[in-house]
Amino acid sequence: MAPTQQLLGLALFVVLCFGAAAVGGFATAPEIQGWYAGIEKPSWNPPDWIFGPVWTVLYLLMAVAAWLVWRPAGFGPARIALGLFGLQLLLNAAWSWIFFAAQRPGWAAVEIVVLWLAIAATAVAFRHHSRAAAWLLAPYLAWVGFAACLNVAIWRLNSG
């Protein structure tokens, strides 16, 4: 594959990942100072400012991971792995709409478990194409695991 094609492929995955971030951000941003500020959170809830930098790094790692899977031969041989990647990206964006826009932490807790499983399946599928790509998803998997615990804690603190 020509270097120009490779760079365009990388750019496509970066745009795709940060596009998903933007879709989720539309649901999240209006609620940070509103609904989210007014609900109870556990003592171990990170400060709001940490989420932006962490997610920026994670979306960049996701883009590079997908690119590493795509790069050797394109979409054809990696269609299952990249299909799983697309699914988890949709689930990622959907979580923000369920948790923040719909203000349904209980439903978001269910959805984030499905998201975590989709990320794990994507990492396993990526491993067949690139070990590095699979490892690049490890911080994302860990962060979503932490976010799932936080989601459940917020749900429990605010239900009833």
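1. Start with a term. Helices (H or I, at least four residues) and strands (E, at least two) are DSSP runs, numbered from the N terminus. A second term concerns open space. On a 1 Å grid over the protein atoms alone, a pocket is an open set of points with protein on both sides within 12 Å along at least five of seven lines, and a cavity is a set where a 1.4 Å probe fits but cannot get out. Lining residues have an atom within 4 Å of a point.

2. Some ground rules. This is a predicted model, in which local features need pLDDT of at least 70, side-chain atom pairs count only at pLDDT 80 or more, and totals for chains, interfaces and linings use all residues. Residues are numbered from 1 along each chain as its sequence is written, and side-chain values use heavy atoms, with hydrogens and water left out.

3. The pocket. Which helix gives the most to the lining of the largest pocket? Helix 1 does, with 7 residues. The largest pocket has a volume of about 660 Å³; here a volume is the space filled by probe spheres set on the grid points, which are joined across faces, edges and corners. Of its 27 lining residues, Thr28, Phe51, Trp55, Ser96 and Phe100 are the closest to the centre. Helix 1, helix 3, helix 4, helix 5 and helix 7 are the elements that give two or more residues to the lining.

4. The pocket by class. The lining of the largest pocket has 18 nonpolar, 8 polar and 1 charged residues. Ala, Val, Leu, Ile, Met, Phe, Trp, Tyr, Cys and Pro count as nonpolar; Asp, Glu, Lys and Arg count as charged; the others, Gly among them, count as polar.

5. The core. A nonpolar core is a set of buried Ala, Val, Leu, Ile, Met, Phe, Trp, Tyr and Cys residues joined through side-chain atoms within 4.5 Å. Buried means under 20% relative accessible area, exposed over 50%, partly exposed in between (1.4 Å probe, protein chains only). The largest nonpolar core has 43 residues, and Met62, Leu82, Phe99, Phe126 and Tyr140 touch the most other members. At least two core residues come from each of helix 1 (3-32), helix 2 (35-38), helix 3 (48-70), helix 4 (79-101), helix 5 (105-127), helix 6 (131-136) and helix 7 (138-158). Helix 3 gives the most, with 10 residues.

6. Tyr140. Contact means heavy atoms within 4.5 Å. Beyond its neighbours within four places in sequence, Tyr140 is in contact with Trp55, Leu58, Met62, Gln88, Asn92, Leu115 and Ile119.

7. Asn151. This residue lies in helix 7. Is Asn151 buried or exposed? Asn151 counts as buried because its relative accessible area is 1%. The side chains of Asn151 and Trp95 are joined by a polar contact of 2.8 Å. A polar contact is a pair of N or O atoms within 3.5 Å; within protein, one must be able to donate a hydrogen and the other to accept it, and residues adjacent in sequence count only if both atoms are side-chain atoms. Leaving aside neighbours within four places in sequence, the contacts of Asn151 include Phe99, Pro105 and Ile112.

8. Thr122. Look in helix 5 for Thr122. Thr122 is buried, at 0% relative accessible area. A polar atom of its side chain lies 2.7 Å from the backbone oxygen of Ala118. Not counting residues up to four places away in sequence, Thr122 touches Ala81, Leu84, Phe85, Gln88 and Leu137.

9. Gln103. Gln103 sits in the loop between helix 4 and helix 5. Gln103 is partly exposed, with 33% relative accessibility. Its phi is near 55 degrees, a positive value in a residue other than glycine. Most residues other than glycine have a negative phi.

10. Distances along the chain and in space. Gly25 is in helix 1 and is partly exposed, at 28% relative accessible area. Gly25 and Ala93 are 68 residues apart in sequence, and their C-alpha atoms are 8.2 Å apart in space. His128 is in the loop between helix 5 and helix 6. His128 is exposed, at 67%.
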